[in-house]
Amino acid sequence: MSKKCIAVIGAGISGLGAIKCCLDEDLEPTCFERNDDIGGLWKFRKNPSEKMPSIYKSVTINTSKEMMCFSDFLIPDHFPNYMHNSKLMDYFRMYAKHFGLLKYIRFKTKVRSVRKRTDFSVSGQWDVVVEAEGKQETLVFDGILVCSGHHTDPYLPLQSFPSIKKFEGCYFHSREYKSPEDYVGKRIVVVGIGNSGVDIAMELSHVAKQVFLSTRRGSWILHRVWDNGYPMDSSLFTRFNSFLQKLLTIAQINNYL
């Protein structure tokens with residue numbers, strides 16, 4: 001009996017894991033990656049193309065290596081607990097090389113469409129149209145694993161800022177931010193207190209004349225390193241703390257923190 005063929009869309013962290021899992025289950029994966037390299041979101045590009053995830057140059061992961069590594073391939077001891085994106089890419093390359101994943105990836109290949117075959121109710125198969133070097137081809141697969149991520153479309157709610165049309169400065173989504181050099185001596189408002197907002201506000205504060213961080217509600221800003229030098233996530237995200245979250249109110253949890 002021939003192996004079932006599986007299409008994996010995207011060669012980021014999820015795509016690499018999907019290829020490995022397919023091989024573990026004796027399936028035949030083919031991964032399609034529109035770029036020329038693995039890594040997806042974590043591959044820094046100064047000028048990313050449209051509909052592509054994008055990070056700024058200084059991005060460091062906010063999950064410790066003990067919590068985010070592949071269970072079958074641990075991150076080396078000499079790597080820092082919280083890795084810069086370049087270090088994370090080094091780890092991805094080590095993982096792909098160790099398990100021989102690169103030969104299953106077709107780079108610079110876009111997936112144009114995924115449709116059920118006319119006999120899908122019987123065969124369970126899919127027609128996948130891909131494009132590479134301006135040429136399209138239709139391939140047949142027994143299964144599809146979509147690993148394209150969700151950080152591709154920036155959300156810029158300009159309708160919430162009706163006076164923005166009168167604003168004489170520049171405004172943009174954090175997706176377009178790469179490094180602080182262009183903002184020396186400027187007054188800046190960073191809207192949003194998520195991970196990217198706090199990171200960018202902190203980085204700009206070293207070069208800008210003044211930085212404001214705007215948020216609709218209060219928030220806890222926690223250091224990556226917790227008591228006794230342990231990573232914050234491995235100290236806080238425990239079964240005991242999860243149990244407490246189910247019993248306590250938000251106010252009680254805030255007092256506990």
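Predicted model: local features only at pLDDT ≥ 70, side-chain atom pairs only at ≥ 80, totals over all residues.

Colleague: How many helices and strands does the protein chain have?

Modeller: Eight helices and nine strands. The C-alpha trace spans about 65 × 50 × 35 Å along its principal axes.

Colleague: And what share of the residues counts as buried?

Modeller: 33% of the 257 residues. The chain exposes about 17000 Å², and carbon and sulfur atoms supply 53% of that.

Colleague: Which residues of H3 are buried?

Modeller: Asn85, Leu88, Met89, Tyr91, Phe92, Tyr95 and Ala96. They cover an arc of only 155° around the axis, so they sit on the same side of H3.

Colleague: What do those buried residues pack against?

Modeller: Helix H1 (13–24) and helix H2 (65–68). On the other side of H3, Lys97 and His98 are exposed.

Colleague: What follows H3?

Modeller: Gly100 does, and its phi is positive, near 65°.

Colleague: New topic, the surface. Which residues form the nonpolar patch there?

Modeller: Leu156, Leu158, Phe167 and Tyr171. Together they have about 360 Å² of accessible area.

Colleague: Where does Tyr171 lie?

Modeller: In the loop between strand E7 (143–146) and strand E8 (187–191). Tyr171 is partly exposed, with a relative accessible area of 41%.

Technical notes. Residues numbered from 1 in each chain as written. Heavy atoms only, no water. Buried < 20%, exposed > 50% of the residue type's maximum accessible area, 1.4 Å probe, protein only. Helix = DSSP H or I, 4+ residues; strand = E, 2+ residues; numbered from the N terminus. Arc of directions from axis to C-beta. Contact = heavy atoms within 4.5 Å. Patch = residues over 30% accessible without salt bridge, like charges linked within 9 Å, V, L, I, M, F, W, Y side chains within 5 Å. Areas by Shrake-Rupley, 256 points an atom, 1.4 Å probe, with all protein chains shown as cover. Salt bridge = Lys/Arg side-chain N within 4 Å of Asp/Glu carboxyl O.
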